[in-house]
Amino acid sequence: QVQLVESGGGLVQAGGSLRLSCAASRTFFSINVMGWYRRAPGEQRELVASITSGGSPNYADSVKGRFTIFRDNAKNTVYLQMNNLKPEDTGVYYCNVISTGRPTYNYWGQGTQVTVSS
């Protein structure tokens, strides 16, 4: 079983920055997509950003231009750099890794809280 360990959440004022990290406990032997999701209070979990094994990113419209996702395949780690944070970015952020080939897998982290004060 693979563990995804997230870090970097916290409390920040609007306009501030945070960097989230998610490290996998072992190497993945197939191509995959690593992503960050968030669940705002009272809302469903939604995709924030994702990145393929080849480095192609995808962003939710609400974070384009403010967030950057990148990965270090040698360290089995994905990052989310969050700049110009807004109160509506508040939520629990979850790391996800899903295979796009064989073998199939879909792993989730335990979540890290991000709170942006106005």
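This is a predicted model: local features need pLDDT of at least 70, side-chain atom pairs count only at pLDDT 80 or more; totals for chains, interfaces and linings use all residues.
Over the face of which ring does Arg 45 lie? Select Arg 45 and Trp 108 together: Arg 45 lies over the face of Trp 108, at 3.8 Å from the ring centre.

**The nonpolar core**

Select next Leu 4, Trp 36, Leu 80, Met 82 and Tyr 93. These are the residues with the most contacts inside the largest nonpolar core, which has 29 residues.

Centre the view on Leu 80 and show its surroundings. Residues up to four places away in sequence set aside, Leu 80 touches Leu 18, Arg 19 and Leu 20, together with Trp 36, Val 48 and Ala 49.

**The disulfide**

Select Cys 22 and Cys 95. The structure holds 1 disulfide, and these two residues form it, with their sulfur atoms 2.1 Å apart. The bond links distant parts of the chain, since Cys 22 belongs to strand β3 and Cys 95 to strand β9, 73 residues apart. Turn the view to look along the S-S bond: the torsion about it is about -80°, so the disulfide is left-handed. Is Cys 22 buried or exposed? Cys 22 has a relative accessible area of 0% and is therefore buried. Cys 95 is likewise buried, with a relative accessible area of 0%.

**The aromatic pairs**

Display the rings of Phe, Tyr and Trp. The whole structure contains 5 aromatic pairs. Select one of them, Phe 28 with Tyr 105. This pair is stacked, at 5.1 Å centre to centre and 20° between the planes. Phe 28 lies in the loop between β3 and β4, while Tyr 105 lies in the loop between β9 and β10 (106–108), so the pair ties together parts that are 77 residues apart in sequence. Both of these residues are buried.

How does the accessibility of each partner stand? Phe 70 counts as partly exposed because its relative accessibility is 28%, and Tyr 79 counts as buried because its value is 16%. The cut-off that decides the matter is 20%, under which a residue is called buried.

**Backbone features**

Most residues other than glycine have a negative phi, and most peptide bonds are trans. The next selections depart from that pattern.

Select Arg 102 and Pro 103. A cis peptide bond joins them, with omega about -5°. Pro 103 is found in the loop between β9 and β10.

Select Asn 76, in the loop between β7 and β8. Asn 76 is not a glycine, yet its phi is positive, at about 55°. With a relative accessible area of 13%, Asn 76 is buried.

Which loop holds Asn 84? Follow the chain to the loop between β8 and β9, where Asn 84 has its place. Its phi is near 50°, again a positive value in a residue other than glycine. Asn 84 counts as partly exposed because its relative accessibility is 42%.

**A last stop at Gln 13**

Finish by selecting Gln 13, in strand β2 (residues 10–13). Gln 13 counts as exposed because its relative accessibility is 60%. Show its contacts: neighbours within four places in sequence left aside, Gln 13 is in contact with Val 116 and Ser 117. Then draw a distance from the C-alpha atom of Gln 13 to that of Thr 27. These two residues are 14 residues apart along the chain, and their C-alpha atoms are separated by 36 Å.

Note on methods. Residues are numbered from 1 along each chain as its sequence is written. Side-chain values use heavy atoms; hydrogens and water are left out. A nonpolar core is a set of buried Ala, Val, Leu, Ile, Met, Phe, Trp, Tyr and Cys residues joined through side-chain atoms within 4.5 Å. Buried means under 20% relative accessible area, exposed over 50%, partly exposed in between (1.4 Å probe, protein chains only). Contact means heavy atoms within 4.5 Å. Helices (H or I, at least four residues) and strands (E, at least two) are DSSP runs, numbered from the N terminus. Rings of Phe, Tyr and Trp (its six-membered ring) pair if their centres lie within 6.5 Å; planes under 30 degrees apart count as stacked, over 60 as edge-to-face and the rest as tilted. A charge sits over a ring if NZ of Lys or CZ of Arg is within 6 Å of the ring centre and within 35 degrees of the ring normal. A disulfide is a pair of cysteine sulfur atoms within 2.5 Å.
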